[in-house]
Amino acid sequence: MKAVWLTTNYGLDWPHRPATDRAGEERQKRDLIHLLDQLQEIGTNTIFLQVRSKGRVIYPSKVEPLSGEFVPTTSSYKLTYDPLEFAINECHKRGMAVHAWLAVTPIGNDKQLRQMPAGSYPHRHRRELKRYKNYWYMDPANASTTTHMRKVVSEILERYPVAGIHLDYIRYPDRAKQFPDAKAYKAKGGKISIDDWRRDNITRLVGEIYREIKKHRADAMLSASVIGTYNNVPGLRESGWTAYNDVWQDPAAWCREGVIDFVVPMMYTKGDRFYPFVGEWLKVLNVPLVVGIAPYMVHEREGNWEVAEIKEQMDYLDRLPDVAGVALFRAEHSVSSGLGTKKPIMDRWKRSAALPINGGVRMDWMDEQSLEMQGTDAGLKVSWQGGQHPRLYALYLSIDGEVPNGTDAPFLTTTDKEVVIPWSQIKSDALIGIKVSEYDLVTQSETLPFAGGLYYNKKLPDDATDTDDI
């Protein structure tokens with residue numbers, strides 16, 4: 001997985017400003033197209049698109065109000081397009097799967113709460129929210145939180161072809177020992193500690209969301225971005241911020257209960273706070289690990305890192321066969337020539353092809369496929385027929401005279417139904433085997449043909465160009 005978090009908050013990644021007329025809407029569309037073109041250029045195949053934040057969403061909803069990032073909350077203007085639908089379509093055109101990124105518990109400060117419409121969850125359930133350090137949160141212990149989040153997830157899956165739901169801030173506030181839930185703990189906590197009770201509340205919420213997802217679509221995936229260090233480990237440098245102790249997240253428990261499909265730790269650290277802890281995550285998880293890293297830390301106002309740090313982290317993760325992928329925070333910093341991050345990311349992601357989920361969530365077989373191969377001056381031209389659904393095609397290539405079985409990494413991926421492979425990339429005087437699969441960007445299933453094609457690339461005299469298709 002080559003993933004990028006694309007934020008829709010504070011005018012950061014997209015949109016840059018709210019719309020109050022059709023011209024503003026068109027500007028929003030152009031800005032997204034430009035950003036997605038750049039993300040496609042660096043090799044991105046998965047987008048975590050921020051769909052919900054502070055109790056607002058980026059699509060016309062019957063469950064929650066529209067985000068003020070798209071239309072000012074004080075404006076009566078009505079969008080004539082659906083930002084989520086538009087974004088998904090544009091991502092699919094570029095071969096990118098979309099996971100709906102939901103920030104779960106934060107609602108906002110006092111002003112933001114007052115600006116919420118009368119029928120919104122915060123107004124209907126004001127007594128069930130918790131105020132902590134001048135900020136309002138949905139309470140993980142409260143049944144209405146679970147019910148509401150299931151409604152949000154249900155609406156998204158019923159209306160939009162997303163590959164999955166990606167949970168963010170599925171936790172308590174940072175180091176919130178004084179979070180105002182003592183009364184609820186006393187009433188419901190039983191004999192376990194308040195720390196274990198809080199972790200159980202988060203695990204139960206994750207489980208309910210997971211079951212809601214699978215009720216709608218068994219192939220839709222649930223993932224979560226979690227704090228970058230699971231827990232402190234004897235012998236390793238102690239982290240000041242852990243998922244288990246400081247925000248009451250227990251992804252290992254989510255794995256044991258079978259309620260998570262993959263986990264994305266936000267490992268925005270370096271050195272001995274990064275490398276050893278990748279291995280620790282692999283020890284505690286039994287689902288795919290996608291490691292979140294931080295190009296934004298190269299910015300002088302963030303971490304002022306050297307670009308070499310991002311290069312080294314990506315190279316290290318690429319050498320670990322048990323790591324399922326990398327996620328970059330965030331889109332703007334991943335394609336920034338000014339920061340110097342764009343080229344090294346592109347160089348690494350472009351040097352090998354990959355599907356969003358290697359092998360797909362499941363693998364199916366097609367009876368036959370019309371595959372044509374023809375030698376041209378530029379290289380070997382390969383063309384095929386494909387389906388009508390959002391598709392990414394994976395071309396598998398071997399040089400041993402056998403048709404590849406699709407278990408190795410693809411030679412290339414494309415949204416086109418025709419490619420030309422330069423002769424410089426193909427061994428001469430060899431029998432080339434080729435097979436092309438179809439990868440569904442929504443169900444994330446890969447479909448392989450039973451048969452493929454063979455092409456003999458003859459070694460010819462300098463003045464000859466003929467090749468044989470057999």
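This is a predicted model: local features need pLDDT of at least 70, side-chain atom pairs count only at pLDDT 80 or more; totals for chains, interfaces and linings use all residues.
Residues are numbered from 1 along each chain as its sequence is written, and side-chain values use heavy atoms, without hydrogens or water. Local features require pLDDT of at least 70 and side-chain atom pairs count only at pLDDT 80 or more, whereas totals for chains, interfaces and linings use all residues.

Rings of Phe, Tyr and Trp (its six-membered ring) were paired if their centres lie within 6.5 Å, with planes under 30 degrees apart counted as stacked, over 60 as edge-to-face and the rest as tilted. This rule gives 24 aromatic pairs. The ring centres of Tyr137 and Phe179 are 6.4 Å apart and their planes stand at 70°, so this pair is edge-to-face. Both Tyr137 and Phe179 are buried, that is, under 20% relative accessible area with a 1.4 Å probe and protein chains only. Tyr137 and Phe179 also belong to a cluster linked by ring pairs, together with Tyr132, Tyr135, Tyr169, Tyr172 and Trp248. Over the ring of Tyr169 sits the charged end of Arg171, 3.8 Å from the ring centre; for such an arrangement, NZ of Lys or CZ of Arg must be within 6 Å of the ring centre and within 35 degrees of the ring normal. Arg198 lies over the face of Tyr172, 5.3 Å from the ring centre.

Trp384 and Tyr393 are likewise buried. Their ring centres are 5.7 Å apart with planes at 65°, so the pair is edge-to-face. Thr414, buried with a relative accessible area of 11%, is in contact (heavy atoms within 4.5 Å) with Trp384, Leu392, Tyr393 and Val419, leaving aside its neighbours within four places in sequence.

Key
Buried means under 20% relative accessible area, exposed over 50%, partly exposed in between (1.4 Å probe, protein chains only).
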